[in-house]
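Notebook open, structure loaded. I want to go through the pocket, the annotated site, the core and the overall layout, in that order.

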Amino acid sequence: MTLMMSGDKGISAFLESDKLFKWVGTIRGAVGTVYEDLRYKLLLEFPSGYPYNEPTLKFLIPCYHPNIDTQGNICLDIRKDKWSVLYGIRTILVSIQSLLGEPNIDSPLNMHAVEFWKKASHSFYLQETYSK
């Protein structure tokens, strides 16, 4: 409820219908990144063991990024090695928003995106794939 009422710029999350453990989040690319004018939807599914177990996260809109595969799965350190029971929906979405502008190319899910990320052409390709 705090996130829905906070007015945070660039992130939001709402229940998907009446399912308490299934949420849809939105992320706007951070200012000054190649994702700046783009908006993405994500599915967040919380297990019965949440907050002790991390939620399942998936991009619903294709996102061309080294740490996001073609099925929308996300490689993010707070989901596995650094998970904490203190992380709420806001922290998760802000972490993903930050990851968009600062990919971890040492731990990629999308090798094709890594090659483009190292070149200046990734911005053009990103815009092209987003508009499809």
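This is a predicted model: local features need pLDDT of at least 70, side-chain atom pairs count only at pLDDT 80 or more; totals for chains, interfaces and linings use all residues.

Started with the lining of the largest pocket: by class I get four nonpolar, four polar and two charged residues. For the classes, I count Ala, Val, Leu, Ile, Met, Phe, Trp, Tyr, Cys and Pro as nonpolar, Asp, Glu, Lys and Arg as charged, and the others, Gly among them, as polar. The lining residues are Asn67, Cys75, Leu76, Asp77, Ile78, Asp81, Ser95, Leu99, Asn104 and Ser107. A pocket here is an open set of points on a 1 Å grid over the protein atoms alone where a 1.4 Å probe fits, with protein on both sides within 12 Å along at least five of seven lines; lining residues have an atom within 4 Å of a point. Its volume comes out at about 180 Å³, taken as the space filled by probe spheres set on the points, which are joined across faces, edges and corners.

Residues are numbered from 1 along each chain as its sequence is written, and side-chain values use heavy atoms, with hydrogens and water left out.

Next, Cys75. The UniProt annotation "active site", from an unreviewed entry, covers Cys75; positions follow the numbering used here, feature names are shortened, and annotations may be inferred rather than shown by experiment. I find Cys75 in the loop between strand S4 (56-59) and helix H2 (89-101), with helices (H or I, at least four residues) and strands (E, at least two) being DSSP runs numbered from the N terminus. Buried or exposed? Cys75 is partly exposed, because its relative accessibility is 25% (buried is under 20%, exposed over 50%, partly exposed in between; 1.4 Å probe, protein chains only). Leaving out residues up to four places away in sequence, Cys75 touches Asn67, Leu99, Ser107 and Leu109 (contact: heavy atoms within 4.5 Å).

Then the largest nonpolar core, which has 25 residues, with Leu44, Phe59, Ile74, Ile96 and Leu100 having the most contacts inside it. H2 gives this core its largest share, six residues. I used buried Ala, Val, Leu, Ile, Met, Phe, Trp, Tyr and Cys residues joined through side-chain atoms within 4.5 Å.

Also checked the backbone: a cis peptide bond joins Tyr50 and Pro51, omega about 15°. Pro51 sits in the loop between S3 and S4.

Last, the layout: the chain has four helices and four strands, in the pattern α-β-β-β-β-α-α-α. Of its 132 residues, 36% count as buried.
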